Amino acid sequence: MTEPLLVDRTDAVVTLTLNRPSAMNSLDVALKEALRDTLAELEADRACRAVVLAGAGGSFSAGQDLREHVRTLESGVADPLGTVPAHYNPIAARLANLPKPVVAAVRGMAAGAGASLAFLADFRIGGPGTRFLMAFAGVGLAADTGASWTLPRLVGHAKAVELLMLAEPVRAEEANRLGLLTRLVDDDEQVLPAAQELAARLAAGPTVAYGAIKRQLSIADAGTLADALAAEAQAQAICGATTDHREATMAFVNKQKPTFAGH
């Protein structure tokens with residue numbers, strides 16, 4: 001049986017590949033459970049210092065597997081959208097709060113929850129064939145997998161309303177202009193290598209500081225200045241006690257290039 005999620009380790013970078021190419025990497029229960037559980041494992045894995053999220057074949061992910069969802073609807077279960085609290089919410093929380101950088105290699109289509117996954121990454125690399133489609137309203141649903149939180153932060157409230165309600169595809173150049181992409185490469189074949197190159201750069205950086213920056217921004221987005229200042233004080237206390245901070249400071253003073261161990 002083919003594994004729904006491929007896990008590849010290269011030094012401190014872990015690449016997670018959604019592996020249902022014949023179904024445009026749509027998210028069935030097996031894939032969602034594998035992604036949810038693997039992210040939980042990586043959170044505590046100190047050997048992993050950066051994560052790449054990719055899709056097999058020519059697509060990133062078409063979102064929820066609607067064929068599976070039809071069977072769920074026809075089964076008469078009391079809560080046919082129970083996958084949201086069971087799978088999508090935990091996945092979104094893990095990705096957003098992972099204390100290490102996440103880079104999405106968005107080749108081809110990223111639709112619905114697939115697009116939502118990409119928006120939860122810290123960086124998104126795309127190519128000429130990259131497309132985003134907030135497909136939820138097209139099947140009579142609201143947003144999930146964190147899109148109602150990430151999308152306004154990326155493109156602003158008004159544009160998020162437009163993308164979610166009109167459910168029209170956003171092509172690569174427009175996605176880059178809007179800020180849905182961090183970087184647009186010239187060749188779709190270079191999307192994954194470019195994402196892995198960026199992840200390798202991040203994996204060689206101050207991992208604890210990166211995790212603290214993610215927490216700071218999350219708190220500041222939803223809180224007050226006082227909340228942000230308190231988060232900054234806590235983060236600096238944590239980062240200031242790391243080996244990375246001490247050795248990098250000494251390297252700077254001695255006009256040397258710092259080497260970060262990630263702790």
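Author: A search of the whole structure finds two cavities of 30 Å³ or more. On a 1 Å grid over the protein atoms alone, a cavity is a set of points where a 1.4 Å probe fits but cannot get out, and lining residues have an atom within 4 Å of a point. Grid points are joined across faces, edges and corners, and the volume is the space filled by probe spheres set on them. The model is predicted: local features need pLDDT of at least 70, side-chain atom pairs count only at pLDDT 80 or more, and totals for chains, interfaces and linings use all residues. Residues are numbered from 1 along each chain as its sequence is written, and side-chain values use heavy atoms, with hydrogens and water left out.

Reader: Which residues line the largest cavity?

Author: Ala96, Asn97, Leu98, Pro99, Gly211, Lys214, Arg215 and Ser218 do. The volume of this cavity is about 50 Å³. Helix α9 gives the most to its lining, with four residues.

Reader: What lines the second largest cavity?

Author: Its lining consists of Phe119, Phe132, Leu133, Met134, Leu151, Leu163, Glu168, Val170 and Leu180. About 30 Å³ of space lies inside.

Reader: Which residues of the largest nonpolar core touch the most other members?

Author: A nonpolar core is a set of buried Ala, Val, Leu, Ile, Met, Phe, Trp, Tyr and Cys residues joined through side-chain atoms within 4.5 Å; buried means under 20% relative accessible area (1.4 Å probe, protein chains only). Here the core has 44 residues, and Leu16, Leu35, Leu117, Phe132, Met134, Leu151 and Leu180 touch the most other members.

Key. Buried < 20%, exposed > 50% of the residue type's maximum accessible area, 1.4 Å probe, protein only. 1 Å grid on protein atoms, 1.4 Å probe; cavity = no way out; pocket = protein on both sides within 12 Å on 5 of 7 lines; lining within 4 Å. Helix = DSSP H or I, 4+ residues; strand = E, 2+ residues; numbered from the N terminus.
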